[in-house]
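Please keep the sequence and the model side by side while going through the points of this note.

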Amino acid sequence: MMPHSRKVAGLAMLLLSGLWLTATGQDNGEVILQGIYTADQALRGRELYLANCSSCHSTDLRGNSNAPSLVGLSFTFIWEGRSVGEFFTTIRELMPTDRPASLPVSSYADILAFILSSNGYPAGNAELSADVDYLSGVTITAPP
């Protein structure tokens, strides 16, 4: 292969990689800043959070000595660079600690919407999906 041909082949691979990432929902953190939940969903999530999560993570999401904070720098320190899918799976499988995986999947999505809202991520026009494959392609970045 000629040197010029290798450059063209390399550029073609980069382009195809970018198209694949777009097609599979993989992103570089921009999607979360465009709004992946609705304001109504976050409101439903707030009620569910207060009923199911606040006894450990407190009403202001700041946590306590036994449960981590779900807002601010503490949240960003733990979750930045990881996927929304990983966070969703973690809360769905492990929470509440006294009855893990006991809520409907849609309730976990609503609670996640509330947590994202509480961290300053903007609401969008579509509800947060419970599709882990899609959510796994959305990277948690520092809030705006």
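1. The buried residues of helix α5 are covered by elements that include α4 (72-79), α6 and α7 (132-135), where contact means heavy atoms within 4.5 Å and helices are DSSP runs of H or I with at least four residues, numbered from the N terminus. Helix α5 spans residues 84-94, and its buried residues are V84, G85, F87, F88, T89 and I91, buried being under 20% relative accessible area with a 1.4 Å probe, protein chains only.

2. This is a predicted model, in which local features need pLDDT of at least 70 and side-chain atom pairs count only at pLDDT 80 or more, while totals for chains, interfaces and linings use all residues. Residues are numbered from 1 along each chain as its sequence is written, and side-chain values use heavy atoms, with hydrogens and water left out.

3. The loop between α4 and α5 holds G81, which is exposed, with a relative accessible area of 57% (exposed means over 50%). Leaving aside residues up to four places away in sequence, G81 touches T139 and I140. The C-alpha atoms of G81 and T141 are separated by 6.0 Å, although these residues are 60 apart along the chain.

4. The axes of helix α2 (residues 39-52) and helix α6 (residues 105-118) come within 7 Å and cross at roughly 105 degrees, the axes being lines fitted to C-alpha atoms over the stretch in contact, with angles from 0 to 180 degrees between N-to-C directions. Helices α2 and α6 are therefore roughly perpendicular to each other, a term for angles of 65 to 115 degrees.

Technical notes: Helices (H or I, at least four residues) and strands (E, at least two) are DSSP runs, numbered from the N terminus. Angles under 35 degrees count as roughly parallel, over 145 as roughly antiparallel, 65 to 115 as roughly perpendicular and the rest as oblique.
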